[in-house]
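The following exercises concern a single protein model. Each task is followed by a solution worked in steps.

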Amino acid sequence: MAKIPKRSDPIADAIDEHHAEIKEAPRPHMGASGLGHHCDRWIWLSFRWAVREKFPGRIKRLFRRGHNEEVTIQADLEAIGVKFQNTGAGQEYVNLGGHLGGSTDGIAISGVPGDGLQRHVVEYKTHALRSFNDLHQGVEKSKPAHFAQMQLYMRGLGIKRALYVAVCKNDDRLYTERIKYDAEVAEALLARGQRLSTAERMPDPISTDPTWHQCKFCPAHDLCFESKLTKQVNCRTCARSTPTPDGKWACARWDANDVEPRHQVAGCEAHVLHPDLVPWPIKDSSHPDEAVYDVNGADVRNGEPGTHTFGSAELIASNGDVVHDIVIEARNLFPGSRITGVIETDENGASGASPASPVVQSEPS
């Protein structure tokens, strides 16, 4: 018996498509919550914008629901006598030094039951049923990223207590926990962030086993275990760019000491792929602004595109398969041409057959 197709919902689909298409700028700093992540490599890759998660519209709406819930939770706390500052649009950014920081959901200045005179860093979170039920272990064990976030905020603001308020999205149950500042934990997290934010080379992963449970569903799984090639071209994936201890990014190519985040996102045509973000061995280069990669036995120059030099976007689009007579011929005929992808062909030129003889497309820029 044939399956009955699922009913489509054009209105819901259109809403989700709308949210999926909204592009958000990457976070310029290394966030406090991220420093509670289990893998050094993921923290480094995320901070370097080498892996960008693409969320479907439904998930983005879930994020929005969590954000909107903050107003409701705060209203309930105010109703029982808690007084606040720096909430909503006025959330306080906590500068932890260098590239580290984040924004609190708010600061309770008084009235928190249990210790009404103490100031508290306040964090609001929404949870699905299973995640909410897991909170019976306590935030430190159940949600280490949230625990790390609050410890760093307490350190940055000089506050000794935090209030964690969780809402179960399934049945509206509440879980609250007051958390003490732990200087040893906070200093260790801060040291981790300082080390990873200024590390020039990619750290080791938490596991070298692609089936490891903490790796299987990681957004960086493909980069770590399969293609080992970033898909992102920006200043932070460039070999000529360096994060400095004072929280800035320096560019050796343009001799700039403080590249603004908006320019970091855009990058430039002189981009050179960081050697840890490609699967190919790097070789000595005679040009200070180019790298030479050994791609399947061929020397491929990476830098500002020219007849024999290929831009980073071109190498990503073609997986490095650029050494073909047709490419050089196109470069000579059209100096502004760029490689945009690969068409697989068989020995007779028919497309869609053999990956061994690709035809590289180019078009004028």
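**Exercise 1. A helix pair**

In this predicted model, the axes of helix α2 (residues 40–47) and helix α7 (residues 183–197) come within 10 Å and cross at roughly 55°. Classify the arrangement of α2 and α7, state the handedness of the crossing, and describe the residues in contact.

*Solution.* 
1. Angles of 65 to 115 degrees count as roughly perpendicular and those under 35 degrees as roughly parallel. With a crossing angle of roughly 55°, α2 is therefore oblique to α7.
2. The crossing of the two helices, α2 and α7, is right-handed.
3. On the α2 side, the contact involves D40, I43, W44 and F47, which meet R192, R195, L196 and S197 of α7.
4. Sorted by class, the contact of α2 with α7 comprises four nonpolar, three charged and one polar residue.

**Exercise 2. The setting of K143**

Determine where K143 is found, whether K143 is buried or exposed, and which residues K143 is in contact with beyond its neighbours within four places in sequence.

*Solution.* 
1. K143 lies in the loop between α5 (139–142) and α6 (144–157).
2. The relative accessible area of K143 is 17%. Because buried means under 20%, K143 is classed as buried.
3. Once neighbours within four places in sequence are set aside, K143 is in contact with H127, S131, L135, G138 and Y164.
4. The C-alpha atoms of K143 and G36 are 8.7 Å apart in space, while these residues are 107 residues apart in sequence.

**Exercise 3. Positive phi at two aspartates**

For D172 and D255, give the phi value, the loop and the exposure class.

*Solution.* 
1. D172 has a phi near 65°, a positive value in a residue other than glycine. D255, likewise not a glycine, has a positive phi of about 55°.
2. D172 belongs to the loop between β7 (161–168) and β8 (174–180). D255 is placed in the loop between β10 (249–251) and α9 (261–266).
3. The cut-off for exposed is over 50% relative accessible area. D172 is exposed at 56% relative accessibility, and D255 is exposed with a relative accessible area of 67%.

**Exercise 4. Confidence**

*Solution.* 
1. The mean pLDDT of the protein is 90, and 92% of its residues reach 70 or more.
2. For residues 351–360, the model has 27 contacts beyond four places in sequence.

Technical notes:
Residues numbered from 1 in each chain as written. Predicted model: local features only at pLDDT ≥ 70, side-chain atom pairs only at ≥ 80, totals over all residues. Heavy atoms only, no water. Axes fitted to C-alpha atoms, helices over the stretch in contact; angles between N-to-C directions. Helix = DSSP H or I, 4+ residues; strand = E, 2+ residues; numbered from the N terminus. Parallel < 35°, antiparallel > 145°, perpendicular 65-115°, else oblique. Left-handed = near helix turned anticlockwise from the far one by under 90°. Contact = heavy atoms within 4.5 Å. Nonpolar A, V, L, I, M, F, W, Y, C, P; charged D, E, K, R; others polar. pLDDT = per-residue confidence, 0-100. Buried < 20%, exposed > 50% of the residue type's maximum accessible area, 1.4 Å probe, protein only.
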